[in-house]
Amino acid sequence: MAKEMIAMILAGGQGSRLYALTQKLAKPAVPFGGKYRIIDFPLSNCVNSGIDTVGILTQYQPLVLNEYIGNGQPWDLDRLYGGVHVLPPYQQAQGSAWYKGTANAIYQNLSFIKRYDPEYVIILSGDQICKQDYNDFLQFHKEKGAEFSVAVMEVPWDEASRFGLMVADENDKITEFQEKPKNPKSNLASMGIYIFNRDILEKYLIEDEADPNSSNDFGNNIIPNLLRDGRQMYAYHFSGYWKDVGTISSLWEANMEIMDPETSGINLFDESWKIYSRNSGMTGHKVGSNAVVENSMITDGCRINGHVKHSILFAGVKVEAGATVEDAVVMGGSVIHAGATVKHCIVAENAEIGVNAVVGAMPENDENGVATVGPGVHIGARALVGPKAMVENDVKDGESQW
């Protein structure tokens, strides 16, 4: 039975600008918002939009991501026909190769797409925080008679040169594409979310693969080739919350924004559009009699006996008596020992902050650095970690790292 539309999620990114957080972890598997991982957002959007067949293209450090996705049950994607499928590079009759670019990754999985015979294919990024109804996007694509549509957002003109930009006419038809131009003609930034008519996608991927000079990328190759041939291309204006969390500062900011949904636009408490995730299986959290918790998100299994303010604590975090956590993102299983101070920082999974240690500091003036402690790192007693430090290895008792 043919599917109307299936989704392909590009989830093989290394996320090098997240430094210590992605040394052993694919970017889409990075924890977010207390109980989620980044991949939960495109998966939940698919389910909420009625898309029940999803291919997840993995490559870099896929172990945790593969384990987390499992059979897809938390997102109701454990289907007999369709469901979620992890699609790593694999050896074929003519040889094997890593995914060389975004277009090549989809090309190598054309057999998966053909299996479900969809009329449309939506291509998504596995490393963005976004709540989007793909049904609205598909309806726009149909009404325009489009062969290719891209979701776009208006960005400030002074930031436009950082993005791939779509120049469109009054009917939203794309007339030009600019890749990070010095002199932008538009402020319509591509979100990297595309809908293709399936036959058009196949044709251009096959042609692109045959071009020895191609970088096999949607932005650099496929979109310019569609424009060259005068295809029906349209820009779909998206007005909801979208954030590329590809840097330490943007990841920290997005986590802080979920605690202020009225202002930020990202509401994880919306019952009509839930974001689903795998259950930690831990007990409920416990707040001690002398603990203080202010304006924070506390997840399963946390044990709090210190002071937590405007912070996000993931599953199983422990904050001992006398410890202070403020404006911080503390990922699962980490321990903040007695007397430690943790401020304006990200502490990765299973890290340990020693007795009376200091990690990060509240910013002064226009400072925007975010201290980061990598997964499994031990910060010794009385150690000092500076407000912009990136800590990937243990810091001994009493030592400093800036």
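## Cysteines, a helix pair and aromatic rings

The structure holds 0 disulfides, a disulfide being a pair of cysteine sulfur atoms within 2.5 Å. Cysteine 130 is in no disulfide, and the nearest cysteine sulfur, that of cysteine 46, is 11 Å away. This is a predicted model, in which local features need pLDDT of at least 70 and side-chain atom pairs count only at pLDDT 80 or more, while totals for chains, interfaces and linings use all residues. Residues are numbered from 1 along each chain as its sequence is written, and side-chain values use heavy atoms, with hydrogens and water left out.

Cysteine 130 is buried, at a relative accessible area of 5%, where buried means under 20% relative accessible area, exposed over 50% and partly exposed in between (1.4 Å probe, protein chains only).

A search of the whole structure finds 12 aromatic pairs; rings of Phe, Tyr and Trp (its six-membered ring) pair if their centres lie within 6.5 Å, and planes under 30 degrees apart count as stacked, over 60 as edge-to-face and the rest as tilted.

Tyrosine 194 lies in strand β11 (residues 188-197) and phenylalanine 218 in helix α7, so their pair ties together parts that are 24 residues apart in sequence; helices (H or I, at least four residues) and strands (E, at least two) are DSSP runs, numbered from the N terminus. Both tyrosine 194 and phenylalanine 218 are buried, and together with Phe148 and Phe196 they form one aromatic cluster.
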